[in-house]
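Let's learn to read helices and sheets in a model. Please look at the sequence and structure below.

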Amino acid sequence: MKIRHYLEESIQKVLSEVFSLEVGIDELQINVTRPEFAGHYTLVVFPLAGRMRMPPPTAAEKIGAALLADYRFTAYNVVKGFLNLTIDSTLWMELLEEVRYTKDYGQLSSRKETVMVEFSSPNTNKPLHLGHVRNILLGWSMYEILRAAGYQVLRTQIINDRGIAICKSMLAWEKWGNGKTPESANMKGDHLVGEFYVLFETEFRKEYMSWQETRESQRIFEIDSDKGESAEAFFGRYKNQYFNSHSTLGAEARQMLRKWEEDDPYVVELWRRMNQWVYDGFEKTYERLGVSFDHIYYESETYLLGKSIVAKGLDQNLFYKKDDGSVWVDLEEQKMDHKILQRSDGTSVYITQDLGTAEQRYEDHDADRMVYVVADEQNYHFDVLFAISELLKRPYAGGMHHLSYGMVELPHGKMKSREGTVVDADDLMDEVISEARAIALEKGEVNSLSKTEQQSIVEKIGMAALKYHMVRVQPQRRMVFDPEESVDMQGQTGPYIQNAYVRIQSILRRSASEDRVDYYKYSPSKHEMDLLVQLSEYPEEIGKAAEAYDPSIIANFAYRLAKLYHKFYNEHRVLSAESDEAKEFRLGLSQGVANVLSSSMNLLGIQMPDKM
RNA sequence: GGCCCCGUAGCUCAGCUGGAUAGAGCAACUGACUUCUAAUCAGUAGGUCGCAGGUUCGAAUCCUGCCGGGGUCACCA
């Protein structure tokens, strides 16, 4: 029995039958009653009063009186245009039964639609960092939330496994690697490859610096620099061009890319080998983060399909070709620019691969919707991608959604690999877990457990701190990541919510399974009632989070529930309750709360320990 | 400059499909553990909801303009 639904239907019925007013359910404004007023739910009558031709308080009064004909409404009161309704406790007791004994309470009825969620989507030239962590956690939560909202959901990522970046790592390894492997260096493969990427950049910068001393560079500076521009500023923006037209290392890297595209056996073999190192490393990181995928796509396997889509669009005159051979699309009608789809030399650009991947996914899985979890710096890119899909009349065009999120920054600014301020995902997990361990050992609750059990608990706590910290904020907000705060375990944090669950487990462990006492006649206290109302809202919250693509809605819900439980816990005894009835009710309530805490945190990818 | 996102307590954030006196956490201060786990609870203090107009019975919430911060407008990805 969904209390909110019962409420909506009852009110709709009364309005229709008693007041001859036909009102749609989504027109009704029903809120959880604010704590300073009596009642459980509040109907906002202002919008109805006009249609009933009565002042709001009168209308509220009349609706309230009419509702009382149903024994399940036991009381009402009117404050201005607000009708506060009290619902019979048997209804709440029924709800509690459902919450306790329905394994997947909160799960919404299943829909036929299939949704594919893309997240993580790393490049293969360096390990995962803080930015990926936010992305992965958002993506994973959306997967869980959409599933709970009744959709068929598939997890995917597109691995950007080709291009100049990986060639830089390959070249550096070839030149300076001396045959180093993850085994010989005793290093995760993604870190090793990342090391060579950094090495390339370092060597390239050295080369660039010494080139800046040459006459040639001076001449270019004099000709190409803007008036009054400093050498530093000029060479800052010239770097890319230097890479493409003057640099020896740049030429070698591009040479390698060309060979890759020509299927040169040596280069392809090296590419396979180094990418595999990276995948093995990613796999370990994903495993620690607790995520996995249904289908992985590789750019190297879809970019050709993208090119064929571009060719088709060109045939249909949806795109056009410039004299130099480059292919463009005119999106001015969609209030956007002209965008390039293929370079003059025939090679593909970034968006080509996305066009191909979307097509491939549609063919593979027939997904009705695709959700792309990608940072907001790519907003325009996705506007363009979706517009082109519309233009091409792709059947999946209408179902594409960009879950855009703000980038993660550090207190002193952006992460920059060349300044060594990138926060590595593996290091980050190590840190929060060791912080959790330190606190746990200090508290002493887990000291008597085996090392394995301790480790498992400490990992759950540390990861909860990290994950909750990252997912509690609305996606579109950009986020300043303070490492100090991410290991906080007090207040609105993952461990705080886990702690409520652990307290319940401790009670349940001690409660002997005696004969059941009927608690249907028990009259819940204010604190107990607050918990019941919150439990009844859980399915509603899942629906909201799925619709808004916003896991923070679930994060805030779980916190509210945990907070109410902690309050309750301090005010009431469970095992030594004043009556058997009260004890039985509270045990049930606690169990229900534990179920929903665990379930809602699971939607965020957070596991609950039994002790902490 | 055009377009997009953000602006709420000292800090980090809820509240935003219009509804009651704008709420939490952190930091500061006070109190509560012989009682089911104090990673907790209770309390004090802290606000021109960026600014100015508009719509409305009612605006933090919707509209317009401005200010501040970020992003983006590559034959980069």
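Q: Which strands does helix 13 lie across, and how is its angle to strand 7 read?
A: Helices (H or I, at least four residues) and strands (E, at least two) are DSSP runs, numbered from the N terminus. Axes are lines fitted to C-alpha atoms, for helices over the stretch in contact, and angles run from 0 to 180 degrees between N-to-C directions. Contact means C-beta atoms, placed from the backbone, within 7 Å. Here helix 13 lies across strand 6 (152–159) and strand 7, at about 65° to strand 7. This is a predicted model: local features need pLDDT of at least 70, side-chain atom pairs count only at pLDDT 80 or more, and totals for chains, interfaces and linings use all residues. Residues are numbered from 1 along each chain as its sequence is written, with chains lettered from A and ligands numbered from 1 in the order in which they are written.

Q: In what order do the strands of the five-stranded sheet run?
A: Strands of a sheet pair through backbone hydrogen bonds, either parallel or antiparallel. Two strands count as paired if DSSP finds at least two bridges between them. This open sheet reads 7-6-5-11-12, with parallel pairing. Strand 7 (295–298) and strand 12 (400–405) are the edges, each pairing on one side only. The twist averages 25° from one strand to the next.

Q: What stands opposite Met-370?
A: Met-400 in strand 12 does. Six bridges join strand 11 (residues 369–375) to strand 12.

Q: Which other strands does helix 13 lie across?
A: Helix 13 (residues 299–315) also lies across strands 8, 9 and 10, at about 125° to strand 10. Those three strands form an open antiparallel sheet, ordered 8-9-10.

Terms used: Contact = placed C-beta atoms within 7 Å.
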